[in-house]
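Hello,

Here is the structure I promised to pass on to you. Have a look through it first, and then read on for my notes.

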Amino acid sequence: MTSSSQSTPLTVLGIETSCDETAAALVRLEADGCGKILSSVVRSQLDLHAAYGGVVPEIAARAHVELLDAAILQALGEAGLTLDQIDGVAAAAGPGLIGGLIVGVVTAKAIALGRGVPFIAVNHLEAHALTAGLTDRLAFPYLLLLVSGGHTQLLVIKDVGDYERLGTTLDDALGEAFDKAAKLLGLGYPGGPEVERNAAKGRPTIKLPRPMVGRDEPHFSLAGLKTALRHEAMARAPLSEQDVADLCASFQEAVADILSDRTSRAFELYEKHAGKGAQRILVLAGGVAANRRLRSTLEATARKHIFRLIVPPAELCTDNAAMIAWTGAVRLVRGMTDDLSAPARARWPLDPDAPPALGAGVKA
Ligand code: KG4
Ligand code: ZN
């Protein structure tokens, strides 16, 4: 993944503060293009937000201020390095919660200025997109399905900085839909693992809609599915344990069908965007990738379309700073650095040329 001009290894400090994980990591890009994680510290703020059933932006921003310095020091300590030994510092500069992003960006800029090393403003979505290069030495292009608490996107990853969005969500992100489903069924936060655990004891017999299935463009819409689940739950109230399990199983099955259909559509469009004969690889990223049922469904769908599915290890699929540091290194070696006026950006689409997906509350 590197330019041929690189002859020495590069070590980059990465900082991630876009949502509710405060993370710092050191990654080395070797001269041969391989990546090595020297340390990766993730301090989850889950406990602080659990009582609210979701992330509270102001609480998150304050917690990043309190946790970030210690996370950076720990990452340096575990890597056995000092700030004098880094070649660049990268921070997630968007998209995400602006208060948290500012904390990470300002910290990274201060280190860059103090040490006289380059600063790299990393797009958080780009970091998810490029992680497979770190773990699997994956060459371009490939198809990415990113499914997390904040994002649901299908993208063609053509090269560093060259991304084409095929599909996005018109309303809720997939992880958000899992979280809301769990909340309305009285389960804990984050909801995805709770829904999966309960679904294992249930039968997918409750009829729920599959919004957008069959549509030409591989977009998603999840708000209607969540509303239908609410109606089915209300019709059965008070809910028995078996009801909850059946509702979870039915919800998960609907999501599996939606993902399979939407990704199939992206498979059909892939060659047109990636080029004839392009390698046929689907990378799955984001916290929802942890769901075994969804993973096995996507594996089968990929096989049917003669694609290979790659899922980076769970700790690199969920939010972390190693992916930020790796993206920083990959950009640094190409001379793609930023000056200290680069802003934190709450919204920062990976493909600014993507036509707007019509719908309420689109998350680019
Ligand atoms: O990528 P991530 O750690 O954070 C961001 O949102 O950026 O993703 C977290 C999301 C949450 O919405 C959580 O409910 C969902 O991933 N999730 C799952 C599972 N594990 C986590 N969703 C479905 N099934 C799971 N097993
Ligand atoms: Zn993320």
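Cys248 counts as buried because its relative accessibility is 0%. Please keep in mind that this is a predicted model.

Cys317 is buried too, with a relative accessible area of 3%. Is Cys317 part of a disulfide, or in none? Cys317 is in no disulfide, as the nearest cysteine sulfur belongs to Cys19 and is 16 Å away, while a disulfide needs the two sulfur atoms within 2.5 Å. Searching the whole structure gives zero disulfides.

Now to the metal. Which residues supply the protein donors of the zinc ion (ligand 2)? They are His124 and His128, each through NE2, and Asp319 through OD, at 2.1 to 2.2 Å from the ion. Along the sequence, these donor residues follow the spacing H-x3-H-x190-D. His128 sits in helix α4 (residues 124-136), whereas Asp319 is in the loop between α10 (314-317) and α11 (322-332), so this pair ties together parts that are 191 residues apart in sequence. Both His128 and Asp319 are buried.

Last, a residue in a strand. Thr11 belongs to strand β1, which covers residues 10-16. Thr11 counts as buried because its relative accessibility is 9%, under the 20% cut-off. Setting aside neighbours within four places in sequence, Thr11 has contacts that include Leu26, Val27 and Arg28, along with Leu38 and Leu81. Gln85, Ile86, Asp87 and Gly88 are also in contact with Thr11.

Enjoy exploring, and write back whenever you like.

Best wishes

Technical notes
Residues are numbered from 1 along each chain as its sequence is written. Chains are lettered from A and ligands numbered from 1 in the order in which they are written. This is a predicted model: local features need pLDDT of at least 70, side-chain atom pairs count only at pLDDT 80 or more; totals for chains, interfaces and linings use all residues. Side-chain values use heavy atoms; hydrogens and water are left out. Helices (H or I, at least four residues) and strands (E, at least two) are DSSP runs, numbered from the N terminus. Buried means under 20% relative accessible area, exposed over 50%, partly exposed in between (1.4 Å probe, protein chains only). Contact means heavy atoms within 4.5 Å. Donors are N, O and S atoms within 2.8 Å of the metal (3.2 Å for Na, K and Ca); water is not among the atoms, so sites may look incomplete.
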